[in-house]
Amino acid sequence: MDLNNKVVVVTGAGRGLGRGIAEALASRGARIACVDLNEDDLRDTVARCARAGGEAKSYLANVAREDEVTALFDGVVADFGALHGLVNNAGITRDGLLVKFKDGELQSSMSLQQWQAVIDVNLTGVFLCGREAARCMLESGVEEGVIVNISSIARQGSFGQTNYAATLTCLVPEGDPVLSPAGRQRLAKAMAEVWARELARFNIRTGVVAPGTINTDMIAAMKPEARDRLVSSVPLKRLGEPEHIARSVQFIFENDYFTGRVIETDGGLR
């Protein structure tokens, strides 16, 4: 896909990876619909996209709410006239140990609310946005489309992230050699692979980018010693930058024989 003048929705575009992806696609001439829950963050991202050379508009929407997602995509098509791409980047964490047991007593456990909040955004939100994006691509009659899901190497199971790892596992094509055991148990057929097969006849491609440890605001806010431990675990001995993830997303958009597969952009971290 030639990104020039193509309309792409980027969720979670207010900061971090989403902002970096939006800027990168805008620099290729794409018209970006920036989606998030923070109006100030979105305003900054839209300005950055403009400086990068692309047109952008901001949209406030909670991707876990079906009515808001439907209205979002209808609004994007009404504003831009078509839809060619989606980057499913919005995600949250609500970390907590499955159970915290000390001195023979249960201290705490992951709540259903913690579990459900992450499932709603990181899994249901991806489904809703993917469904509505495909609908709008077909209804607006575009000749080609691309849907990219942002996953994470955390799908292998990070300490204290039962909810987060479960949702990101489900975004990876079934049969991937590094898939966690939970993913191999067919919780659901992996979205990216299923969508690739279902939508290929309409020339809509899909892909997944699995970032490693990326230098975002969350990492920058960590204590120096904790950050150093993260860096030491990466074979390349440095953090990734949002632009590295953006390049992987851009590759999927621009390589028209890529579909249903994963790009792990992680500095060698497994």
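At what angle do helix α1 and helix α10 pack, and how far apart are their axes? I looked this up in a predicted model, where local features need pLDDT of at least 70, side-chain atom pairs count only at pLDDT 80 or more, and totals for chains, interfaces and linings use all residues. Residues are numbered from 1 along each chain as its sequence is written, and side-chain values use heavy atoms, without hydrogens and water.

**Helix pair.** I find α1 (residues 16-27) and α10 (residues 242-254) packed at about 50°, axes 8 Å apart. Helices (H or I, at least four residues) and strands (E, at least two) are DSSP runs, numbered from the N terminus. Axes are lines fitted to C-alpha atoms, for helices over the stretch in contact, and angles run from 0 to 180 degrees between N-to-C directions. I noted next which residues touch (heavy atoms within 4.5 Å). From α1 they are G16, L17, G20, I21, A24 and L25; from α10, P242, I245, A246, V249, Q250 and F253.

**Sheet.** I then traced an open sheet of 7 strands, ordered β3-β2-β1-β4-β7-β8-β9, with parallel pairing. Two strands pair if DSSP finds at least two bridges between them. β3 (56-60) and β9 (261-265) are the edges; each has a single partner strand, so one side of each lacks a neighbour in the sheet. Neighbouring strands are turned by 20° against each other on average, direction ignored.

**β1 and β4.** I see β1 (residues 7-11) pair with β4 (residues 85-88) in the parallel sense over 3 bridges. V10 stands opposite V87 in β4.

**Helices on the sheet.** α1 touches β1, β2 (31-36), β4, β7 (145-150) and β8 (204-211), its direction at about 165° to that of β1. I also checked α3 (residues 66-80): this helix touches β1, β2, β3 and β4, with its direction at about 155° to that of β3.
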